[in-house]
Amino acid sequence: MEINTSQLNFDDNDLIAAIVQNADTGKVLTLAYMNKEALQRTIETKETWFYSRKRQQLWNKGETSGNKQQVKKITFDCDADALLVQVEPLGPACHTGSESCFTNTLYQQEEVNHNVIPDLVSRIQKRRNNPKDGSYTTYLFNEGIDKILKKVGEEASEVIIGAKNNDKQEVTWEIADLTYHSLVLMELLGVSISDIKKELHKRHIQKEGGMDE
């Protein structure tokens, strides 16, 4: 499928910046560059292709490592000089083995991790695939669905109790516990954050009037 790139503003080297984002979690994975051919191949193969400024050649992410990125959506910014490539990663994005290339903090105003849910999902997946003695998450997976369901039920009850007591801090603690155990259950059953987002969007956002209706 031939794409019309005339609406995009490539730089003097015929390149355009491509920000790669996990479509499921929203986490930024890497920043790379594409020329027209790399963009064309990305769309045709539904896998990310980039242009290496150092090697002066095209490269397919995961071609040798197996850590491919399946493309879900590509958008461009208001100046048409940068792409946002949303993908399903099949492995780490960084050559160091990290999920994301952005792991070094240069400045942080406050201790708020806006990626805490994606990070927690990644940690839960890691514990399921690589069990560790003494890990509570490993313990839950070893015990199986009945134990996990019991904990979900217990934490849901604790949320109710905290709310009836009008205790904001207790409700915060218990919703955090409920969220964690729900994520463990989701991992066990193969339910992703993306699945939940799609269902919420279908139920509440697409409907005329939005969430208030």
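Reader: How many of the protein chain's residues count as buried?
Author: Of its 213 residues, 33% count as buried. Buried means under 20% relative accessible area, exposed means over 50%, and partly exposed lies in between (1.4 Å probe, protein chains only). This is a predicted model: local features need pLDDT of at least 70, side-chain atom pairs count only at pLDDT 80 or more, and totals for chains, interfaces and linings use all residues. Residues are numbered from 1 along each chain as its sequence is written, and side-chain values use heavy atoms, with hydrogens and water left out.

Reader: What does the secondary structure come to?
Author: Six helices and six strands. These are DSSP runs, numbered from the N terminus: helices are H or I with at least four residues, strands are E with at least two. The elements run β-β-α-β-β-β-β-α-α-α-α-α from the N terminus on.

Reader: What order do the strands of the open sheet have?
Author: S2-S1-S6-S5, four strands with mixed pairing. Two strands pair if DSSP finds at least two bridges between them.

Reader: Which strands stand at the edges?
Author: Strand S2 (28-34) and strand S5 (69-76). Each has a single partner strand, so one side of each is left without a neighbour in the sheet.

Reader: And how do S1 and S6 run, parallel or antiparallel?
Author: Strand S1 (residues 16-22) and strand S6 (residues 82-89) run parallel, joined by six bridges. Valine 20 has valine 85 in S6 as its bridge partner.

Reader: Switching to H1. Which residues are buried there?
Author: Ala38, Leu39, Gln40 and Thr42, in helix H1 (residues 36-45). Their cover includes S2, strand S3 (49-52), strand S4 (57-60), S5 and S6.

Reader: What follows H1?
Author: Lysine 46, with a positive phi near 60°.

Reader: Phenylalanine 10: buried or exposed?
Author: Phenylalanine 10 is buried, at 16% relative accessible area. It is found in the segment before S1. Leaving aside neighbours within four places in sequence, phenylalanine 10 is in contact (heavy atoms within 4.5 Å) with Thr5, Leu15, Ile16, Met34, Asn35 and Lys36.

Reader: Salt bridges next. How many does the structure hold?
Author: The structure holds 10. A salt bridge here is a side-chain nitrogen of Lys or Arg within 4 Å of a carboxyl oxygen of Asp or Glu. One of them joins glutamate 99 and lysine 27 (3.3 Å, N to O). That pair links distant parts of the chain, 72 residues apart: glutamate 99 is in the loop between S6 and helix H2 (116-129), lysine 27 in the loop between S1 and S2.

Reader: Is lysine 27 buried or exposed?
Author: Lysine 27 is buried, at 13%, whereas glutamate 99 is partly exposed, at 27%. Lys27, Glu99 and Asp119 are linked in a network of salt bridges.

Reader: What does glutamate 88 meet?
Author: Lysine 72, in a salt bridge of 3.5 Å, N to O. Glutamate 88 lies in strand S6 and lysine 72 in strand S5, so the pair ties together parts 16 residues apart in sequence.

Reader: Last topic. Which residues form the nonpolar patch on the surface?
Author: Ile145, Leu149, Leu189, Val191, Ile196 and Leu200, with about 480 Å² of accessible area together. Areas come from the Shrake-Rupley method with a 1.4 Å probe, and for residues only the protein chains shown count as cover. Patch residues have over 30% relative accessible area and no salt bridge; like charges are joined within 9 Å, nonpolar side chains (Val, Leu, Ile, Met, Phe, Trp, Tyr) within 5 Å.

Reader: Where does leucine 189 lie?
Author: In helix H5 (residues 168-189). Leucine 189 counts as exposed, at 52% relative accessibility.
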